[in-house]
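Hi,

Here's the structure I said I'd pass on.

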Amino acid sequence: MTKQQHLGVVGAGAWGTALACAARRAGSRVTLWAREADTVEVVNERHENPVFLPGVALDPALAATTDMAGLNACDVVLLVAPSAFLGRVCETLAPYLSERSAVCVCTKGIERDTGRLMTDLAADHLERDGICALSGPSFAAEVAAGLPTAVTVAGSEPQVARITGALAGPTFRIYQSDDVTGIEIGGAVKNVIAIACGIAMGCGLGHNARAAVISRGLNEMARLGAALGARRETLMGLSGLGDLVLTCTGKLSRNLTFGQGIGRGDTVGELLAGRASVVEGAVTAPAVVALAQRLGVEMPIASAVDDVLAGRLDVAEAIEALLARPMGQELT
C-alpha cells in the first residue's frame, strides 16, 4: 500500500488554496499555511476562503495553520507567497523545513533589486539546493473547481517525481522538465505582456494588435530566457506560450484586466486600491526590464509597460513609440 503523502502549501491566496485543492484530490494530506489568522479560522471552520477564492467549497480534511512548525513533517512543500514577500516567508520557514522535504516554488516573478529568479531567492534564504519550479496556464478558480489543467514542474528527476506524486491527478496534469530557468522566465514575463495586451484592449486597438503583442511578447520572453541559458523550446511549451495565451486572453486574468483599466485611463493607484490579490505583472515589470538591461536584451513591450506604470510615459506616448520602431527580421 502506497504511503499517503503530506503536502504543505505556504501561502493561502487564490493560487495556494487552489493547489491545496488539487493535492487533496490527489489523495495527499494537506496543511495550508496562512499569515492571516482569520483566513485560517474560516478555512478550518467553514471550509472556504472567501477573501481569496470566493465561491469554492474546500475539502473539510484540508487543515490550515498560522504555525510553520506544522510543515516540519511534510514530504513536499509548495511555496506560493507573492514574489515581493517570498524571501521574507522563506526566512521564517527555514528553521522548520525538514531536509527530506521536496520544495517547489509556485510563485511567478523576478526580484527587482537583484534580478534573482524565485527558485534562486528561495534557495538563498532556505540555504538549500534542488528547489523545483511549477508553472503553466492555470487560473486558480478553475484548478480549485477541478477543471482540466496542465502545468510543468522543473527540477531534478527525483524531486519532480515526488512533487508529481503528491499533486497530480486526472484533471491536474503535470509534465516534467529540467529547465528551471525557462519555466521561471515564462511565468514571470507573461504577466507583463498580459498587461500590455490589456492596455491595447482598453484603448480599443483591436484583435490584430492583441495578437501582435502576444507574438512579439513571446519573442521578448524567449530572448531573455536565452540570455539566461534557458532552452527556447521550453518557452514554446506550457509555462511559456501556454501561460502567455491564457493570461493575455482569459477573463479571469488579473494582469489583463489591470491593463484594460490602464488603457481606459484609470490610474495605477485606483486599480490596485482594495485588491486582495496581487497583480504580479505590475510588481515584475521593473524587475524584468532591469534584468534585460543588465543582460543587453531588447524588450520594447515590457519596457513600455514599465514606463507607463512608472508614469514616465502616458499610454498614447508608449503606443506611438512602439509603432515607430523599425521593422526588421521577425525572429531575432
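Two salt bridges turn up across the interface of domain 1 and domain 2, taking a salt bridge as a side-chain nitrogen of Lys or Arg within 4 Å of a carboxyl oxygen of Asp or Glu. K108 and D243 also pair up through their side chains in a salt bridge, at 2.7 Å from N to O.

Bear in mind that this is a predicted model, so local features need pLDDT of at least 70 and side-chain atom pairs count only at pLDDT 80 or more, while totals for chains, interfaces and linings use all residues. Numbering runs from 1 along each chain as its sequence is written, and side-chain values use heavy atoms, with hydrogens and water left out.

As for the domains, the assignment (automatic or from a database) gives domain 1 as 6-178 and domain 2 as 182-324. Their C-alpha centres are 25 Å apart.

Where they touch, 32 residues of domain 1 contact 27 residues of domain 2 (contact being heavy atoms within 4.5 Å). About 2,300 Å² is buried between the two domains, with carbon and sulfur atoms giving 66% of that; buried area here is the accessible area (1.4 Å probe) that two parts lose on being put together, summed over both. K108 shows up again here: along with I110 and F139, K108 supplies 29% of the area domain 1 buries against domain 2, more than any other three residues.

Cheers
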